[in-house]
Each structure stands twice: as structure tokens, then as C-alpha cells.
Amino acid sequence: MSDPRTSSTELAPIAHAAGQGEALWAFGGLATIKADAASTDGRVFVTEHYAPRGAGSPLHIHHREDEWFYVLEGELTFWVGGRIITAAAGAFVYGPRDVAHTFVVSSETARFLLVTEPADFGDFMRAASAPAERLEIPPAPTEPPDLLALIGLAADHGIEIIGPPGIPEAIETLPRFVREA
């Protein structure tokens, strides 16, 4: 019988202090990668986010990974499978694969962990982001994002974008958004 405390792949321990890790400007906030596919043998992708009010993700479905959030400071509002969840500091929210979800920062700013298992999401995050010029929230964009490019990029990574950023008011409006994009 094998020992459950060991694995066939030897991984190095990971230790990042505050502010350490690969820093990206992503979806209106600062995302710092703490662990990725290369450092965890594809097991988990961990990012710490610092974002302003209104930052968040489009309504989407992950077809390859589960996603969870742990709020460190501030407040996020989630829509997961039709349920609205207000999550203050200390809250945990799980978005299983194949379930539609989105979130938005609902406090002035928020810090939170975003984790996906397995770590495939890291490739999408890097492709959809820019290296952070400074360890702070990025300047507000001067033009809207290219939604068609984002939808295509997401699809290449097993993520289906089905609605705009923000908390949906009515599920009936979702197909129209996808057609108009």
C-alpha cells in the first residue's frame, strides 16, 4: 500500500510573502499569482486579487475547473447558479465547474483569493491580462474591452462567457447578450 503523504511527483514547497508572485492587471484589478500549474504539477492555481468597486468577471461557465473564492477584505457579490450571495471578509464561495457564475466587488475595494482546481485557468488569466506596471489597482480603462476577443479566448480555455459583467437581473436576457457580442 502506498503512503498517502507522498506522491509520484516531487514538488517544491511554495512560500510567497505579501506582494510576492507574478503580478498582473486583470479584469480591473491587481492579481498576484501565488501558485500555478508549473509549481503545483497542474493541481491548483492560486491568485490574490485587489480590486476596486465594480470590478469583476463576465457571467461565465468553467468546463474544465472548479473555482472558489475567499474574501480577505471588503465585500463581493456573487451570482452562482441563479443564487445571489453577499460575501464579506472571511466568507468562502464555491463555483463548481459547469455552473454559471459571476462576481462583482461591492465595497470600495476588496482583497480576495481566487483558486481553481485543476490549474488550467492560469493560462487564460495570463492571456487575458497584462503584466502589472506597479503593485496597485490599474488605471481605469480608456476604452471598452474587446468582448468578441475575450469570448474567443475564453472558449479556447474551456470557459463559456454567457453574459456581461455584473449580477444578472433576469436569466432571459443572457442569450441576447451572446448574440449581440
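Student: Which helices and strands each supply at least two residues of the lining of the largest cavity?
Tutor: They are β3 (45–52), β4 (58–62), β5, β10, α2 (121–127), α3 and β12 (159–165). Helices (H or I, at least four residues) and strands (E, at least two) are DSSP runs, numbered from the N terminus. Before we go on: this is a predicted model, where local features need pLDDT of at least 70, side-chain atom pairs count only at pLDDT 80 or more, and totals for chains, interfaces and linings use all residues. Residues are numbered from 1 along each chain as its sequence is written, and side-chain values use heavy atoms, with hydrogens and water left out.

Student: What counts as a cavity, and what as a pocket?
Tutor: Take a 1 Å grid over the protein atoms alone. A cavity is a set of points where a 1.4 Å probe fits but cannot get out. A pocket is an open set with protein on both sides within 12 Å along at least five of seven lines. Lining residues have an atom within 4 Å of a point.

Student: How much space lies in the largest cavity?
Tutor: About 230 Å³. A volume is the space filled by probe spheres set on the points, and grid points are joined across faces, edges and corners.

Student: New topic. What is the strand order in the open sheet of seven strands?
Tutor: β8-β5-β10-β3-β2-β1-β11, with antiparallel pairing. Two strands pair if DSSP finds at least two bridges between them. β8 (92–95) and β11 (130–131) are the edge strands, each pairing on one side only.

Student: How many bridges join β5 to β10?
Tutor: Seven, between residues 66–73 and residues 109–117. Tyr 70 stands opposite Leu 113 in β10.

Student: What holds paired strands together in general?
Tutor: Strands of a sheet pair through backbone hydrogen bonds.

Student: Last one. How many helices and strands are in the protein chain?
Tutor: Four helices and 12 strands.
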